[in-house]
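Work through the exercises below with the sequence and the structure in view, and try each task before reading its solution.

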Amino acid sequence: MKGYPIKFEPILKERIWGGEKLVSTFKKPSTKTNIGESWEISDVEGDISVVSNGALKGQSLRDLISTYKGEFVGDKVYKQFGDAFPILIKFIDAKTPLSIQVHPNNELAKSRHNSFGKNEMWYIMDTDKDAELTVGFNKAVSQEEYVEALHKGKLLDILNTEKIKAGDTFYIPTGRVHAIGAGAVLAEIQQTSDITYRIYDYERVDASGNQRELHTEQALEAIDYQLYDNYKTDYAVEANQSTKLVHSPYFKTDIIQLRGVLEKDYRALDSFVIYMCVEGEFEIAHDNEVMPVNTGETILLPATVEAVKLQSRSARILEVYL
């Protein structure tokens, strides 16, 4: 295939906790006031991304993989995943807190839902004052202690909360109890899965006065009850270098602090590459074509795109691949 930097139409999701920032700040196309998620690249059934630019405009992500196979995703990726795209890319705006939740691992998700598990990561792009999130426990607990706290309305007492600021990064492996707090805008990279077990939802009701379903029993086997020393990812950025953020078996994410011009060579990678612009703006040049990319936009480079040139006065870019 003749590859080029591809943009997709964002798939916007109304959420009970969603806000206006994806529309007002990132210029996502909606008149709604509760857009919580912009699915940038998705192969989730019923929400398949569609190309918005260039010669492939109007084709779906699934069309591209089934037609071009390893040329599009990389031979090693196609050998492992076939016609399924393995990563789901989102931007999230939490006006109010998300529910306390957990995701099942691959084995549990396969047996219960015929789905991948949901390992994911968050990169914090913007926050309101005193914003925080929930990740993991603040002490080691047994399943019995967890159930007791849940039934007594004291679950929040045993969960770990973190104050957050722009640039903070968290890896959320399957089994880790978590929730995005109010006032957080972030980029989320995850396995292609929409399986979530909701544990606690603050007794919230929707527009019809109904509480959302909880998955109390399903979550018990999925939860990792251990205590960990540190839940936040440590990293140090260098200008015009790909700095490791999160490398897992499910996706690899680096961050690029772009200042000036950077030439990227992907001939040895054998994978697609995704750019998420999380701060500033940049231009991407390929085959004598130049495309502007703004904060909150996402680009996919097919595996046949061997080299690109990036240019900006100042931008931060998440670089995602397998």
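**Exercise 1. Work out the strand order of the open six-stranded sheet, and name its edge strands.**

Solution. Begin with the pairing rule: two strands pair if DSSP finds at least two bridges between them, and strands (E, at least two residues) and helices (H or I, at least four residues) are DSSP runs numbered from the N terminus. The edge strands are E1 (11-19) and E10 (169-172), each of which pairs on one side only. From one strand to the next the twist averages 25°, where axes are lines fitted to C-alpha atoms and angles run from 0 to 180 degrees between N-to-C directions. For a closer look at one pair, take strand E7 (residues 120-127), which pairs with E10 in the antiparallel sense over four bridges; within this pair, glutamate 120 has isoleucine 172 of E10 as its bridge partner.

The model is predicted, so that local features need pLDDT of at least 70 and side-chain atom pairs count only at pLDDT 80 or more, while totals for chains, interfaces and linings use all residues. Residues are numbered from 1 along each chain as its sequence is written, and side-chain values use heavy atoms, with hydrogens and water left out.

**Exercise 2. Decide whether asparagine 53 is buried or exposed, and find what its side chain reaches.**

Solution. First locate the residue: asparagine 53 lies in the loop between strand E4 (47-48) and helix H2 (61-68). Next, asparagine 53 counts as buried because its relative accessibility is 16%, and buried means under 20% relative accessible area, exposed over 50%, and partly exposed in between (1.4 Å probe, protein chains only). Then look for polar contacts, which are pairs of N or O atoms within 3.5 Å; within protein, one must be able to donate a hydrogen and the other to accept it, and residues adjacent in sequence count only if both atoms are side-chain atoms. The side chain of asparagine 53 reaches the backbone nitrogen of lysine 7 at 2.7 Å, and a polar atom of that side chain lies 3.1 Å from the backbone oxygen of proline 5. Finally, leaving out residues up to four places away in sequence, asparagine 53 touches Tyr4, Pro5, Ile6, Lys7 and Met291, where contact means heavy atoms within 4.5 Å.

**Exercise 3. State how many helices and strands the protein has, and what share of its residues is buried.**

Solution. The count gives seven helices and 19 strands. Of the 322 residues, 53% count as buried.
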